[in-house]
Amino acid sequence: QVQLVESGGGLVQAGGSLRLSCAFSGRSFSNYAMAWFRQAPGKEREFVAAEHWSGGSTSYAESVRGRFTFSRDNARNTVYLQMNSLKPEDTAVYYCAARDARLRDYDYWGQGTQVTVSS
């Protein structure tokens, strides 16, 4: 069973930076594609960033493009989300997700890590 554990959230002032981490375990990391989502209070969960299994590219939500960077460390079975120039509207619980690279749906989710950006 895949397990995902996020870390790195916290309270930061607007304009600051945070780096989130997501540790993967339970299966072969190389067979899974990873993504980040977030959910703000009173809102639905939304897509933030995801890697494309073929081609090695990454997609970003328009609201974070140019400020957030997704990366993957296969040696550590970990993915990261570097968040720069944070805005109060980035405040949310951030979730890491995994899908079998052959499939479309993200079947595995972490518990989430809170990011709060003060103005």
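The largest nonpolar core holds 30 residues, and L4, M34, W36, L81, M83 and Y94 touch the most other members. Seven listed strands, from strand 3 (18–25) to strand 11 (113–118), each give two or more residues to this core. The model is predicted. The chain has zero helices and 11 strands.

**Cores**
- Another core lies apart from the largest one. This core has five residues, including A35, F37, A50 and A97.

**Fold and dimensions**
- Along the sequence, the pattern reads β-β-β-β-β-β-β-β-β-β-β.
- The radius of gyration is 14 Å, close to the 14 Å from the globule rule for 119 residues, so the chain is as compact as a globular protein of that length.
- The C-alpha trace spans about 40 × 30 × 25 Å along its principal axes.

**Burial and contacts**
- Of the 119 residues, 45% count as buried.
- Take the contacts between residues at least 6 apart in sequence: 56% of them join residues at least 24 apart.

**Surface and charge**
- The accessible surface is about 6,400 Å². Carbon and sulfur atoms account for 44% of that surface.
- The chain carries 13 positive and 11 negative side chains. The centres of these two sets lie 3 Å apart.

Methods. Residues are numbered from 1 along each chain as its sequence is written. This is a predicted model: local features need pLDDT of at least 70, side-chain atom pairs count only at pLDDT 80 or more; totals for chains, interfaces and linings use all residues. Side-chain values use heavy atoms; hydrogens and water are left out. Helices (H or I, at least four residues) and strands (E, at least two) are DSSP runs, numbered from the N terminus. The radius of gyration is taken over C-alpha atoms; the globule rule is 2.2 Å times the number of residues to the power 0.38. Buried means under 20% relative accessible area, exposed over 50%, partly exposed in between (1.4 Å probe, protein chains only). Contact means heavy atoms within 4.5 Å. Accessible areas come from the Shrake-Rupley method with a 1.4 Å probe; for residues, only the protein chains shown count as cover. Lys and Arg count as positive and Asp and Glu as negative; His and the chain ends are not counted. The place of a charge is taken as NZ of Lys, CZ of Arg, CG of Asp or CD of Glu. A nonpolar core is a set of buried Ala, Val, Leu, Ile, Met, Phe, Trp, Tyr and Cys residues joined through side-chain atoms within 4.5 Å.
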